[in-house]
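The sequence and the structure are shown first.

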Amino acid sequence: MDIKAILMGLAFALMWSSAFTSARIIVADAPPLFSLSLRFLLSGILAIMIAKALGQSWRLTSLQWRATWIFGICQNALYLGFNFVAMQWVEASLAAIIASTMPLMVALAGWLLFKDKVSLIGMIGLVAGIAGVVLIMGARLNGGVDALGVAFCLIGAMALTFATLSVKGAASGGNVMMIVGLQMLVGSACLFIAAIPLETWDVNVSATWIAAFAYTTLVPGVLATWVWFTLVGRVGAVKASTFHFLNPVFGVAIAAALLGESIGMSDFIGVLIIAGGILAVQLSKQQA
């Protein structure tokens with residue numbers, strides 16, 4: 001892996017992790033489902049425009065259409081929808097920690113449900129990652145964290161895990177930016193339908209809110225996606241996924257720096273254990 005690939009991986013992890021802090025700012029002054037629906041509408045249109053400029057086509061394979069619908073519903077509507085709602089009550093750092101365990105959930109589900117082979121280092125990573133989550137959750141629950149918010153974050157992570165396991169290999173055949181844009185439009189439509197009976201469009205518009213919304217739409221929404229697929233094309237999906245181990249570290253650090261969220265010793269130790277567990281799982285995939 002060359003220096004350019006390493007820098008791209010670091011940039012992706014940083015952008016992905018920062019989305020939880022900007023989302024926390026957004027939902028403090030606006031309804032979460034309407035906000036996320038609007039974000040996906042704008043990101044989706046922009047992604048499709050980029051795809052057309054790159055010469056990509058609307059003509060997708062059946063597997064790609066399946067991926068578009070599954071990821072649009074499970075990732076954009078359910079995973080991010082539940083997270084946006086949850087961050088009305090839970091801190092961005094905790095939401096980032098839970099979401100970052102998705103690679104562990106995928107590995108565990110693959111082993112339990114699909115009998116995927118897991119090497120010794122992968123099994124050690126799974127056990128360590130779960131132990132780190134238990135450590136953080138125990139301390140947070142004892143500290144009075146909102147249980148419903150935690151449950152929503154977990155449901156969202158499980159929805160993303162299901163999507164990941166359901167559409168393996170869907171990126172083959174090209175048109176990846178077009179697929180991403182269409183996924184965003186599917187998510188936008190689902191979220192808008194859910195928001196109509198549940199929310200009212202009441203936004204406290206401020207410079208901070210506008211900046212957070214624009215950042216979330218453009219950087220984690222579009223730029224991070226482009227960086228990710230460029231990185232995958234350069235080094236492959238398995239090696240690119242190694243950078244996921246940085247997500248809990250960056251997520252907690254950004255929330256502490258920008259939102260002033262307090263980080264306890266159990267959080268610090270738990271995050272390092274989770275990061276180590278994710279790294280071990282991803283390295284075991286490379287060895288396989």
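Where is the place of Ala 30? Ala 30 sits in the loop between helix H1 (3-27) and helix H2 (32-53); helices (H or I, at least four residues) and strands (E, at least two) are DSSP runs, numbered from the N terminus.

The model is predicted, so that local features need pLDDT of at least 70 and side-chain atom pairs count only at pLDDT 80 or more, while totals for chains, interfaces and linings use all residues. Residues are numbered from 1 along each chain as its sequence is written, and side-chain values use heavy atoms, with hydrogens and water left out.

**Buried positions in loop and helix**

Ala 30 is buried, with a relative accessible area of 6%. Here, buried means under 20% relative accessible area, exposed over 50%, and partly exposed in between (1.4 Å probe, protein chains only). Apart from neighbours within four places in sequence, Ala 30 is in contact with Ser 35, Asp 202, Val 203 and Trp 209, where contact means heavy atoms within 4.5 Å. Between the C-alpha atoms of Ala 30 and Trp 69 the separation is 27 Å, and these residues are 39 apart along the chain.

Phe 40 belongs to helix H2 and counts as buried at 1% relative accessibility. With neighbours within four places in sequence left aside, its contacts are Asn 76, Leu 80, Met 184, Leu 185, Ser 188 and Leu 191.

Asn 247 is found in helix H11 and is buried at 2% relative accessibility. Not counting residues up to four places away in sequence, Asn 247 touches Ala 13, Trp 16, Ser 17 and Ser 100.

A nonpolar core is a set of buried Ala, Val, Leu, Ile, Met, Phe, Trp, Tyr and Cys residues joined through side-chain atoms within 4.5 Å. The largest such core has 56 residues, and Phe 20, Met 87, Val 90, Leu 94, Ile 136 and Val 150 touch the most other members. Helix H3 (residues 62-86) supplies the largest share of this core, 9 residues. A second, separate core of 14 residues includes Phe 12, Ala 224, Trp 228 and Val 235.

Val 90 is in contact with Arg 24, Val 145, Asp 146, Gly 149, Val 150 and Cys 153, leaving aside neighbours within four places in sequence. Gly 149, Val 150 and Cys 153 are among the buried residues of H7. Helix H7 (residues 147-166) has 20 residues and reaches 29 Å from its first C-alpha to its last. That span is close to the 28 Å expected at 1.5 Å a residue, the expected value being 1.5 Å times one less than the number of residues. The cover over the buried residues of H7 includes H3, helix H4 (92-99), helix H5 (102-113) and helix H6 (120-142).

**Salt bridges**

A salt bridge is a side-chain nitrogen of Lys or Arg within 4 Å of a carboxyl oxygen of Asp or Glu. By this rule the count comes to 2 salt bridges.

| Pair | N to O distance |
|---|---|
| Arg 140 and Glu 91 | 3.4 Å |
| Arg 140 and Asp 267 | 3.1 Å |

Arg 140 lies in helix H6 and Asp 267 in helix H12, so this pair ties together parts that are 127 residues apart in sequence. Salt bridges that share partners join Glu 91, Arg 140 and Asp 267 into one network. Arg 140 is buried at 12% relative accessible area, as is Asp 267 at 5%, whereas Glu 91 is partly exposed at 26%.

**Nonpolar surface patch**

Leu 135, Ile 263, Met 265, Phe 268, Ile 269, Leu 272 and Ile 273 form a nonpolar patch on the surface, with about 610 Å² of accessible area together. Patches are made of residues with over 30% relative accessible area and no salt bridge, with like charges joined within 9 Å and nonpolar side chains (Val, Leu, Ile, Met, Phe, Trp, Tyr) within 5 Å. Accessible areas come from the Shrake-Rupley method with a 1.4 Å probe; for residues, only the protein chains shown count as cover. Helix H12 (residues 265-287) gives the most to this patch, with 5 residues. Ile 263 lies in the loop between helix H11 (247-259) and H12 and is partly exposed at 32% relative accessible area.
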